[in-house]
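This report describes one protein chain, first as a whole and then through some of its side-chain pairs. Please look over the sequence and the structure before reading on.

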Amino acid sequence: MIYYKPIKSITAHGLLAAAYLRTFSFVRLVNAVKLYLSNGISVVLKKPYAWGYPLALSVEPINVCNLKCPECPTGMGILTRSKGMLTVNSFRHIIDSRHKSLWHLNMYFQGEPYMHPDFFELVKEAKKARLVVETSTNGQFLNDRQAVKTVQSGLDVLVVSLDGTTQEVYEKYRIGGDVQKVIEGVKNLVKAKKEARSQYPIIRLQFLAFSHNQHQIKDFELMAKQLGVDMVEVKRAQVYNAEKKEHLLPTLKNLSRYQKLSDGSVQLKGKLRNNCWKHWSSAVVTWKGDVVPCCFDKNATHVMGNMKKQKLSEIWSNPVFNQFRHKVLNEQQKIEICNNCPLSRK
């Protein structure tokens, strides 16, 4: 991420803070303190201590998508996991099996959430558990009816991808997508919120920066303001095999995760820090129920347990997860999923 920028006078930061305050509990606060302390002590001692339970989970409703984005494992067709979607009953079980300290639920991993036929039912189940709920969409399914259902579901945050302001630029990455559908979809959402007299979901319009679209960032921000969204986000793109795809990288250094070295090679900026807060604060659950350490484990190569069979509290501090954390603290360079992640670098 390069920056979040609020659009409206009542900022999205304030609205998000209000969402957390509405779901506040003493248990969640104490748990957050435990996690921060245990992470700090783990870094100093180089030994994993995981007190408490995750503050956040990402749960994958479906790992199928309608677009063919060339730097997304789903779009590229390199996702080795089987395709499928989470049933409502399985989702209820996951929610029931969570620890009461869980605070934030991101209903997205791989795939397009709006392709799940019962997506809004999943959101409503999560809201019954008093969680702050967020999801991300490519914006191709936000017709009038879907927009109304989105507002009615109680969703707190909706990230909508718009990586170009013209079809010619937009479709270079969002292959198979229609930029006008995204624009009309955002208009539908803003209208539905007004008619419901609701400030939620917070609409965050996201721009993934590449060499082919970096010149449209100012136009993107202007469009976002005209559309009436709550916030814009300009994000540095992740590229697989960056050395072979230097042409995709933005020429403006602040827009790229990568740097070109004197020998001509290309690598991620910064050095591995042998620490990652994510492995002490959150985890990801695939549609099959497998728990993996973070969103960079696209193919679920590091399965810590399964929430269809176990409680989250059993998985969180089991030997497998703690061995992974130990490696993060001492040999992070040997963990493949950490090597293309900017959060693991300083």
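Accessible areas are computed by the Shrake-Rupley method with a 1.4 Å probe, and for residues only the protein chains shown count as cover. On this basis the protein chain has an accessible surface of about 15800 Å², and 54% of that surface belongs to carbon and sulfur atoms. The model is predicted: local features need pLDDT of at least 70, side-chain atom pairs count only at pLDDT 80 or more, and totals for chains, interfaces and linings use all residues. Residues are numbered from 1 along each chain as its sequence is written, and side-chain values use heavy atoms, with hydrogens and water left out.

**The whole chain**

Helices (H or I, at least four residues) and strands (E, at least two) are DSSP runs, numbered from the N terminus. The protein chain has twelve helices and twelve strands. Its C-alpha atoms fill a box of roughly 55 × 50 × 40 Å along the principal axes. The radius of gyration is taken over C-alpha atoms, and the globule rule is 2.2 Å times the number of residues to the power 0.38. For 346 residues a compact globule would have a value near 20 Å, and the 20 Å of the protein chain agrees with this.

A residue is buried under 20% relative accessible area, exposed over 50%, and partly exposed in between (1.4 Å probe, protein chains only). Of the 346 residues of the protein chain, 55% count as buried. A contact means heavy atoms within 4.5 Å. Among contacts between residues at least 6 apart in sequence, 69% join residues at least 24 apart.

**Salt bridges**

A salt bridge is a side-chain nitrogen of Lys or Arg within 4 Å of a carboxyl oxygen of Asp or Glu. By this rule there are 13 salt bridges.

| Salt bridge | Closest N to O |
|---|---|
| Glu125 and Arg92 | 3.2 Å |
| Asp156 and Lys127 | 2.7 Å |

Glu125 is buried at a relative accessible area of 11%, while Arg92 is partly exposed at 32%.

Asp156 forms a salt bridge with Lys127. This pair also links distant parts of the chain: Asp156 is in the loop between α6 (144-153) and β5 (157-161), and Lys127 is in helix α5, 29 residues apart. Asp156 is buried at 2% relative accessibility, and Lys127 is partly exposed at 22%.

Lys187 and Glu184 both belong to helix α8 (residues 179-196), three residues apart, or about one turn of the helix. Lys187 is partly exposed, with a relative accessible area of 40%, and Glu184 is partly exposed at 34%. Elsewhere, salt bridges that share partners join Arg92, Glu121, Glu125 and Lys128 into one network.

**A residue in helix α5**

Ala126 is placed in helix α5. Is Ala126 buried or exposed? At 0% relative accessibility, Ala126 is buried. Leaving out residues up to four places away in sequence, Ala126 touches Phe91, Leu105, Leu131 and Val133.
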